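Thank you all for coming; please have a look at what is on the screen, and I will then take you through a few of its features one after another.

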Amino acid sequence: MTCIAWDGTILAADSSVTIHGMKLSCDKLERFSDGSLYGAAGDGEDTLKLAEWLRKGGRGRRPKCDSVQALHIKPDGRINLYVGSSRPELVTSKYAAVGSGAKYAMAIMWDGGTAIKACEAAIALDKSCAGPVTSLTLG
């Protein structure tokens, strides 16, 4: 699947995608025009539909995105967590992660590591994650 990790400053991601059983690399992170950051795991179409809706300000009816797990980091550092088609949850923790590598990433960040190190750990330990790691910094 993927690993998206936020450490309070850096949003990082692995680059692995699978299409019809074939592994490819792509950039899973985006900086929106309002300065917010976005990274998502799950079905590619769902992640793109959610990104497009957020890019337009999140107004109107939210698209159905049942397979998505996403982090939307607001310019002020607030973390919105999207899981499936449910309403976003405001995460109050300093760090957060989504995707199949999330548990490894959370452990690394809990121990003081960066989001980049967290994604590197996920790549080393989760069979669905692969490099290279990409990252964006808020601000």
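Helices (H or I, at least four residues) and strands (E, at least two) are DSSP runs, numbered from the N terminus. With that in mind, Met 1 is found in the segment before β1, which covers 4-6. This is a predicted model, in which local features need pLDDT of at least 70 and side-chain atom pairs count only at pLDDT 80 or more, while totals for chains, interfaces and linings use all residues. Residues are numbered from 1 along each chain as its sequence is written, and side-chain values use heavy atoms, with hydrogens and water left out.

Let us stay with Met 1, which counts as partly exposed because its relative accessibility is 39%, where buried means under 20% relative accessible area, exposed over 50% and partly exposed in between, with a 1.4 Å probe and protein chains only. The C-alpha atoms of Met 1 and Ser 128 are separated by 5.2 Å, although these residues are 127 apart along the chain. Leaving aside neighbours within four places in sequence, Met 1 is in contact (heavy atoms within 4.5 Å) with several residues, among them Ser 16, Lys 28, Gln 69 and Ser 128.

Now to the aromatic rings: how many aromatic pairs does a search of the whole structure find? The search finds one, and the pair is formed by Phe 32 and Tyr 38, stacked at 5.6 Å centre to centre with 25° between the planes. Rings of Phe, Tyr and Trp (its six-membered ring) pair if their centres lie within 6.5 Å, and planes under 30 degrees apart count as stacked, over 60 as edge-to-face and the rest as tilted. Both Phe 32 and Tyr 38 are buried.
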